[in-house]
Amino acid sequence: MPTYSYACTDCDNKFDIQQAFSDDALTTCPQCDGKLRKLFNSVGVVFKGSGFYRTDSRKGSVPSSSSSSSSSSSSTSSSSSSSSSSTTAS
């Protein structure tokens, strides 16, 4: 069963409770009968690697990004070689 964290808006009482997925959320504080709110924490799961994103399954996504980077690198290398030749000529 998952553990949920609650905090009272009136008395700032914070507590954790185990509840089933089918159980209703708590609404009243056990100490002061004030209104409760559910606290949300960061999830401790990190997905690394390929296959977790929608774009990973597309066939043309990886080659198209690498081909555009190679064309831009070839244009920069040709411009750098022409600039180096102009500096040697002067």
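Visitor: Among contacts between residues at least 6 apart in sequence, what percentage join residues at least 24 apart?
Guide: The model is predicted, and its contacts are computed from the coordinates. The set considered holds contacts between residues at least 6 apart in sequence. Within that set, the share joining residues at least 24 apart is 29%.

Visitor: Which pattern do the secondary-structure elements follow along the sequence?
Guide: The protein contains one helix and three strands. Read in sequence order, these elements give the pattern β-β-β-α.

Visitor: How far apart in space are Ala 7 and Leu 39, C-alpha to C-alpha?
Guide: Ala 7 is placed in strand S1. Leaving out residues up to four places away, Ala 7 touches several residues, among them Lys 35, Leu 36, Arg 37 and Leu 39. Ala 7 and Leu 39 are 32 residues apart in sequence, and their C-alpha distance is 6.8 Å.

Visitor: Is Ala 7 buried or exposed?
Guide: A residue counts as buried under 20% relative accessible area. Ala 7 has a relative accessible area of 2%, so this residue is buried.

Visitor: Why does the aromatic pair of Tyr 6 and Phe 15 count as stacked?
Guide: The protein has one aromatic pair. That pair is Tyr 6 and Phe 15, with ring centres 5.9 Å apart. Planes under 30 degrees apart count as stacked. The pair therefore qualifies as stacked, since the angle between its planes is 25°.

Visitor: Where is Asp 12, and what is its phi value near?
Guide: Asp 12 is located in the loop between S1 and S2, and is exposed with a relative accessible area of 59%. Its phi is positive in a residue other than glycine, near 60°.

Visitor: What is the phi of Asp 33 near?
Guide: Asp 33 occupies the loop between S2 and S3. This residue is exposed, with a relative accessible area of 61%. Its phi is a positive value in a residue other than glycine, near 60°.

Visitor: Which residues form the nonpolar patch on the surface?
Guide: One member, Phe 52, lies in the loop between strand S3 (36–39) and helix H1 (61–89). Phe 52 is partly exposed, at a relative accessible area of 45%. The patch has about 590 Å² of accessible area together, and its members are Val 43, Val 45, Phe 47, Phe 52 and Tyr 53.

Terms used. Residues are numbered from 1 along each chain as its sequence is written. This is a predicted model: local features need pLDDT of at least 70, side-chain atom pairs count only at pLDDT 80 or more; totals for chains, interfaces and linings use all residues. Side-chain values use heavy atoms; hydrogens and water are left out. Patches are made of residues with over 30% relative accessible area and no salt bridge: like charges are joined within 9 Å, nonpolar side chains (Val, Leu, Ile, Met, Phe, Trp, Tyr) within 5 Å. Accessible areas come from the Shrake-Rupley method with a 1.4 Å probe; for residues, only the protein chains shown count as cover. A salt bridge is a side-chain nitrogen of Lys or Arg within 4 Å of a carboxyl oxygen of Asp or Glu. Helices (H or I, at least four residues) and strands (E, at least two) are DSSP runs, numbered from the N terminus. Buried means under 20% relative accessible area, exposed over 50%, partly exposed in between (1.4 Å probe, protein chains only). Contact means heavy atoms within 4.5 Å. Rings of Phe, Tyr and Trp (its six-membered ring) pair if their centres lie within 6.5 Å; planes under 30 degrees apart count as stacked, over 60 as edge-to-face and the rest as tilted.
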